[in-house]
Amino acid sequence: MRIIITYLLTACSLLCGYYLTAQEDETLKVKIEQLEQKKQDVEQSEREALKNEVERINQQLNNEEISFEQAQTLKKGAAELRAKNIENKVAIIENQIALLKRNGNYNLNSETSSVELAIGGRDEEGNLLFGVQYNPGDQDKVVYDRRTYGDPVIAFGLNNAITEGQSIEDSPYKIGGSRFFEIGWAWRTRVFKNSNFLRLHYGASFQFNGLKPVDNQYFVLNDGSAALQEFDQKLSKSKFRMDNLVLPFHLEFGPSKLERTNEKMRYDIHNQFRFGIGGYAGVNLGTRQKLKYELDGEKVKDKIKRDYNTSNFVYGLSAYMGFDSILLYAKYDLNPIFKDAVNKQRNISVGLRLDLD
């Protein structure tokens with residue numbers, strides 16, 4: 001029996017050794033293929049960068065910023081630089097391939113992501129690998145020209161309503177007590193290839209528009225229409241709030257600083273003046289009212305969530321202007337707050353906007 005067990009263990013060891021060797025050979029083959037592909041990616045990236053530089057030089061020539069002779073000199077220099085970059089980068093990759101073939105492992109910084117599945121194999125550092133390993137690839141790959149950026153946006157300030165046939169001074173809502181808050185995400189895209197003066201600024205935001213009635217009033221529904229009515233107790237707080245999900249869109253204007261290296265080109269708008277004008281459209285997610293008062297010596301808080309016959313579809317105009325990321329902000333709803341009101345009321349907000357780019 002011991003002889004049989006010995007034979008079985010020997011056979012299993014040989015099979016496992018063969019499996020591990022075959023698996024490592026397959027992994028090595030894949031890594032070499034990735035490096036070969038990386039050589040092609042390097043050449044394509046450098047040629048694309050050269051193409052962008054030549055287009056920029058041609059644009060300067062067309063604008064009569066440089067002479068024809070200067071343009072030719074710049075093109076020749078750019079071509080030589082890119083050719084040298086390709087030569088050096090490809091040489092580095094070929095050295096990595098040589099190390100792989102000679103040693104069987106090498107710590108690669110591959111631009112190609114991969115998923116490795118193994119049981120008892122070895123990773124790139126020679127350690128045993130069980131299960132699944134994900135290689136995210138080269139996290140430092142630089143895009144030469146990024147035209148679109150995304151960043152959070154926050155806005156807050158005073159809120160009120162303009163009633164048809166009345167001035168804002170006659171508003172039934174507290175001027176200082178009614179407020180709004182907005183939070184969202186916005187993308188900024190450069191319109192023109194060789195100029196960043198005009199950008200598209202668009203995204204999605206949640207708007208919270210609050211109104212505080214004056215003279216101890218609150219909202220009630222009369223025959224399906226919302227109207228203000230005096231409360232029968234002394235109110236310590238009366239607040240009406242509309243929550244909206246909107247898609248804002250602005251045309252943004254302003255100067256920027258151009259930063260260019262051999263690897264990337266960036267337009268920087270920090271510490272620069274910017275101005276945006278546009279609008280928004282979206283839906284009303286909900287309407288609620290909060291009342292605070294005392295009844296028989298006890299404090300009462302009522303939170304009422306109802307339709308109040310408010311507009312389901314919201315849309316309006318908005319604009320902002322300022323320096324760097326701190327901006328003055330104003331928005332005005334073109335839709336009425338209440339659909340069937342005799343005198344249409346439209347929401348208006350003024351405050352600060354923070355573009356956290």
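Student: What should I know about the model and its numbering?
Tutor: Residues are numbered from 1 along each chain as its sequence is written, and side-chain values use heavy atoms, with hydrogens and water left out. In this predicted model, local features need pLDDT of at least 70 and side-chain atom pairs count only at pLDDT 80 or more, whereas totals for chains, interfaces and linings use all residues.

Student: How many aromatic pairs are there in the whole structure?
Tutor: The search finds 13. Rings of Phe, Tyr and Trp (its six-membered ring) pair if their centres lie within 6.5 Å; planes under 30 degrees apart count as stacked, over 60 as edge-to-face and the rest as tilted.

Student: What is the geometry of phenylalanine 240 and tyrosine 308?
Tutor: Their ring centres are 5.4 Å apart and their planes stand at 80 degrees, so the pair is edge-to-face. Both residues are buried, that is, under 20% relative accessible area with a 1.4 Å probe, protein chains only.

Student: And phenylalanine 240 with phenylalanine 338?
Tutor: That pair is tilted, with 5.8 Å centre to centre and 45 degrees between the planes. Phenylalanine 240 and phenylalanine 338 are both buried.

Student: Which residues do ring pairs link into a cluster?
Tutor: The cluster consists of Tyr173, Phe219, Phe240, Tyr308 and Phe338.

Student: Where does the charged end of arginine 306 sit?
Tutor: It sits over the ring of tyrosine 308, 5.9 Å from the ring centre. The criterion is NZ of Lys or CZ of Arg within 6 Å of the ring centre and within 35 degrees of the ring normal. Lysine 331 lies over the face of phenylalanine 180, at 5.1 Å from the ring centre.

Methods:
Buried < 20%, exposed > 50% of the residue type's maximum accessible area, 1.4 Å probe, protein only.
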